[in-house]
Amino acid sequence: MRLYHGSTCVVEHPDVQRSRKNLDFGPGFYLTSFREQAERWALRKAQFEHESAILNVFELDDSLSDLSILQFFENDADWVDFVCRCRKGESPFAGYDLIIGGVADDKVYEAVNMYFRGLWDMETTLNALRFYEKNDQYCFVTQKAIDGKLSFLEAYEVIR
């Protein structure tokens, strides 16, 4: 399976230690199966950093049975709680090698943030989430998972 990572540089050898904290699924190396989603992220990051937008393409090894994986099939209450805990700086990701699920992008995050701040209950949050476009993210939490399951294929500049 092809996975994509939008950036402002070529990332042939991802390093989990270079990750930011308090992201949707905690610190890790993030990719998506949606090329357009990764291209949009690369363009956004490039505009902010005044750099070139680069799309990195990886192949994911199909044999994942030796990894500890958490997968969210829907942006449901468990997903909302997990994202909120990670964004608060908690560590529900500990013990997993790979976490797969939806992205709390700008629109989705607004709904999650309303819940996070206590302004909406879970039912209102979930009702809002069902109107947003589906997307995904693969968060490689451990270096073992990156080194054993991802192969760099290519990188190219994204042109607007």
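Predicted model: local features only at pLDDT ≥ 70, side-chain atom pairs only at ≥ 80, totals over all residues.
Reader: Why is Thr 32 called buried?

Author: The relative accessible area of Thr 32 is 5%, and buried means under 20%, so Thr 32 counts as buried. This residue is found in the loop between strand 2 (29-31) and helix 1 (35-49). Thr 32 touches several residues, among them Arg 2, Tyr 4 and Tyr 138.

Reader: What makes the link between the side chains of Thr 32 and Asp 136 a polar contact?

Author: The two side chains are joined at 2.6 Å, and a polar contact requires a pair of N or O atoms within 3.5 Å. A polar atom of the Thr 32 side chain also lies 3.1 Å from the backbone nitrogen of Phe 34.

Reader: Why are helix 2 and helix 4 called roughly perpendicular?

Author: Their axes cross at roughly 100 degrees. Angles of 65 to 115 degrees count as roughly perpendicular, and therefore this description applies to helix 2 and helix 4. Helix 2 contributes Ala 77, Trp 79, Val 80 and Asp 81 to the contact, while helix 4 contributes Met 122, Thr 125, Leu 126 and Leu 129. By class, these are six nonpolar, one polar and one charged residues.

Reader: How do you know whether Asn 22 is buried, partly exposed or exposed?

Author: Asn 22 has 39% relative accessibility.

Reader: What makes His 50 exposed?

Author: The relative accessible area of His 50 is 71%, and exposed means over 50%; therefore His 50 is exposed. His 50 is in the loop between helix 1 and strand 3 (54-60).

Notes: Residues numbered from 1 in each chain as written. Heavy atoms only, no water. Helix = DSSP H or I, 4+ residues; strand = E, 2+ residues; numbered from the N terminus. Buried < 20%, exposed > 50% of the residue type's maximum accessible area, 1.4 Å probe, protein only. Polar contact = N/O pair within 3.5 Å; in protein donor to acceptor, adjacent residues only side chain to side chain. Contact = heavy atoms within 4.5 Å. Axes fitted to C-alpha atoms, helices over the stretch in contact; angles between N-to-C directions. Parallel < 35°, antiparallel > 145°, perpendicular 65-115°, else oblique. Nonpolar A, V, L, I, M, F, W, Y, C, P; charged D, E, K, R; others polar. Lists of a residue's contacts leave out its neighbours within four places in sequence.
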